[in-house]
Amino acid sequence: MAHTLEVGAYLDRIGFEGPRPPVPDAATLRALHRAHLLTVPFENLDIHIGRPIVLDLAALERKLVGERRGGFCYELNGMFAALLRQLGYEVELLQARVRKAEGEGFGPPFDHLLLRVRCQDGPRPWLADVGFGDSFMEPLRLEAGLEQAEVTGRWRIEAVDGDLELRRHASGAGRWDPEHRFGSYAHELGSFAAMCRYHQTSPKSPFTKRHVCSLATPTGRLTLRDDRLIVTDSGQRTERPIDGEAAFEAALREHFGVVLPAVAPSSAAG
């Protein structure tokens with residue numbers, strides 16, 4: 001039996017101020033997407049406290065809504081998809097391969113999860129993603145070759161080698177940098193379980209190498225990364241050091257509203 005979310009509690013969690021119940025149209029999708037990004041952080045902290053991440057909607061709801069935590073793509077987009085479906089949207093889970101940090105090629109399939117969404121007021125699909133960190137604030141038209149501008153910059157989707165590639169315009173450099181390549185075939189959440197496990201346990205995963213908690217703001221982004229807090233505001237970036245575990249946890253509470261649970265070592269993943 002499919003898990004049924006407490007929709008009202010979820011909408012309260014993201015501070016959604018629209019009508020209840022929301023109308024599953026494009027305007028509401030944009031409002032939900034933006035609200036989610038401004039309130040639910042992208043974070044990988046369970047990996048570092050030894051708390052396994054399992055792609056079970058009931059467990060994810062307890063974490064994101066009940067505990068007011070964040071997560072990474074499989075958690076955030078998995079939950080957002082479930083919310084949209086209960087509201088009446090048609091949602092499909094897509095897999096993507098993220099561009100490698102060194103800029104050479106892309107990661108493996110199911111490296112990232114994002115969403116194709118169709119609304120009540122039109123057949124054309126949207127690309128939604130509340131689980132990539134620094135990305136577009138509102139959904140993009142899922143249409144190849146269309147340049148789209150929004151508060152985070154200029155975006156374009158291109159057809160490449162049978163897949164689609166999301167590109168972001170690099171301001172001042174005159175080029176379009178790829179973010180990831182994604183397929184058009186729909187998957188179930190369980191199809192992402194192996195890569196979810198990989199990113200929790202592999203020393204090659206970027207998520208096991210550093211602690212990160214990041215949240216969009218109306219004018220930029222807040223990111224807590226290992227030993228520093230990075231603030232981007234209207235294009236200006238500042239950093240301040242975070243010295244030690246106690247200071248890190250204090251910054252989590254102050255800037256993100258995140259309180260980490262105590263987890264016994266025996267429950268650590270892998």
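**Note on the sheet and its helices**

1. Helix H5 lies across strand S2 (90-98), S3 and S4, and runs at about 15° to S3. Axes here are lines fitted to C-alpha atoms, for helices over the stretch in contact, with angles from 0 to 180 degrees between N-to-C directions. Helices (H or I, at least four residues) and strands (E, at least two) are DSSP runs numbered from the N terminus. The model is predicted: local features need pLDDT of at least 70, side-chain atom pairs count only at pLDDT 80 or more, and totals for chains, interfaces and linings use all residues. Residues are numbered from 1 along each chain as its sequence is written, and side-chain values use heavy atoms, with hydrogens and water left out.

2. The sheet is open and has eight strands in the order S5-S4-S3-S2-S9-S8-S7-S6, with antiparallel pairing; two strands pair if DSSP finds at least two bridges between them. Strand S5 (140-141) and strand S6 (147-150) are the edge strands, each pairing on one side only.

3. Strand S3 (residues 112-119) pairs with strand S4 (residues 122-128) in the antiparallel sense over four bridges. The two form a hairpin with two residues between them. Arg116 stands opposite Leu127 in S4, and Leu115 has Ala128 of S4 as its bridge partner. S4 also pairs with S5, in the antiparallel sense over two bridges; here the bridge partner of Leu127 is Leu140 in S5.

4. Helix H2 (residues 26-39) packs on the sheet as well, touching S3 and S4, and its direction makes about 10° with that of S4. Contact means heavy atoms within 4.5 Å.

5. How do H2 and H5 cross? Their axes come within 12 Å and cross at roughly 150°. The two helices are therefore roughly antiparallel to each other, a term for angles over 145 degrees. The crossing is right-handed (the near helix is turned clockwise from the far one by less than a right angle). Leu29, Leu32, His33 and His36 of H2 make the contact with Leu76, Phe80, Leu84 and Leu87 of H5. These residues divide into six nonpolar, two polar and no charged.

6. In helix H4 (residues 57-66), the buried residues are Leu60, Glu61, Lys63, Leu64 and Val65; buried means under 20% relative accessible area (1.4 Å probe, protein chains only). The buried residues of H4 pack against helix H1 (7-13), helix H3 (45-49) and helix H5 (73-87). Just after H4, Arg68 takes a positive phi of about 55°.

Methods: Buried < 20%, exposed > 50% of the residue type's maximum accessible area, 1.4 Å probe, protein only. Parallel < 35°, antiparallel > 145°, perpendicular 65-115°, else oblique. Nonpolar A, V, L, I, M, F, W, Y, C, P; charged D, E, K, R; others polar.
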